[in-house]
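Here is a note for a colleague who is meeting this structure for the first time. Please keep the model open while reading the points.

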Amino acid sequence: MSVPQYDTSLVQLVSEQGDPLGTAPRATVHTATTPLHLAFSCHLIDGEGRVLLTRRSLSKAAWPGVWTNSFCGHPAPGEPLEEAVRRRAREELGLEIDDVRTVLSDFRYRAVDSSGVVEHEICPVFVARATRDPEPAPEEVDSWAWATPDRVDQAVTATPFVFSPWLVLQHAELGRGLWQALEHE
């Protein structure tokens, strides 16, 4: 049985209702006029109930050096979201992940970083389990840290300007619900 191959160089453009409108090259889509497109965000939990935070590489075009959730990405056209989440965990963090769950299926946001680059995404939010420390790709992640949910809550509440706007918005919508589903199993 062959494994489907997806073109990860493309992102799926979507309407305000989330209907597919076509594709665009991932490398060119994030500009001052970024069109609405499909993405995802994932928060990883370890066996001790800690949450993985990552600091975006300083070479990233948008929000370089900002602390954020474990990882984000874009599903390739036709790629199921859960497959895309698992693929991106391998690519960005060198991790195989378990127990992937959607915690916020209709999250969306638009944010502009200090350089003028716009993020404009329908971005379902997932939680998943990691069984070891990440081995991140340096072009994606500058640093990483495991933190208890309480410490993450305190940090995001006290210093939202240190974190990505999508993490702050997700926290505002769900708070501890971002990782609570996996915390007590």
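Predicted model: local features only at pLDDT ≥ 70, side-chain atom pairs only at ≥ 80, totals over all residues.

1. Residues are numbered from 1 along each chain as its sequence is written, and side-chain values use heavy atoms, with hydrogens and water left out.

2. The protein chain has five helices and 12 strands, where helices (H or I, at least four residues) and strands (E, at least two) are DSSP runs numbered from the N terminus. Its C-alpha atoms fill a box of roughly 45 × 40 × 30 Å along the principal axes. The radius of gyration of the protein chain is 16 Å, which agrees with the value near 16 Å for a compact globule of 185 residues (taken over C-alpha atoms; the rule is 2.2 Å times the number of residues to the power 0.38).

3. Of the 185 residues, 48% count as buried (under 20% relative accessible area, with exposed over 50% and partly exposed in between, for a 1.4 Å probe and protein chains only). Among contacts (heavy atoms within 4.5 Å) between residues at least 6 apart in sequence, 66% join residues at least 24 apart.

4. Of the 30 residues that line the largest pocket, the closest to its centre are Arg26, Arg56, Lys60, His74 and Glu140. The largest share of the lining, four residues, comes from α2; α1 (26-29), β5 (51-56), β7 (71-73) and β10 (118-122) are among the elements that each supply at least two.

5. Which residues of helix α3 (residues 149-158) are buried? They are Pro149, Val152, Asp153 and Val156, and, seen down the axis of α3, they fall within an arc of 100 degrees (from the directions of the helix axis to the C-beta atoms), so they line one face of the helix. The face of α3 turned away from this buried side carries the exposed residues Arg151 and Ala158. As background, an α-helix has 3.6 residues a turn, so residues three or four places apart point the same way.

6. Thr23 lies in strand β2 (residues 20-25) and, at 41% relative accessibility, counts as partly exposed. Leaving aside residues up to four places away in sequence, Thr23 touches Leu10, Val11, Gln12, Leu13 and Pro77. Thr23 and Gly175 are 152 residues apart in sequence and 33 Å apart in space, C-alpha to C-alpha.

Key. 1 Å grid on protein atoms, 1.4 Å probe; cavity = no way out; pocket = protein on both sides within 12 Å on 5 of 7 lines; lining within 4 Å.
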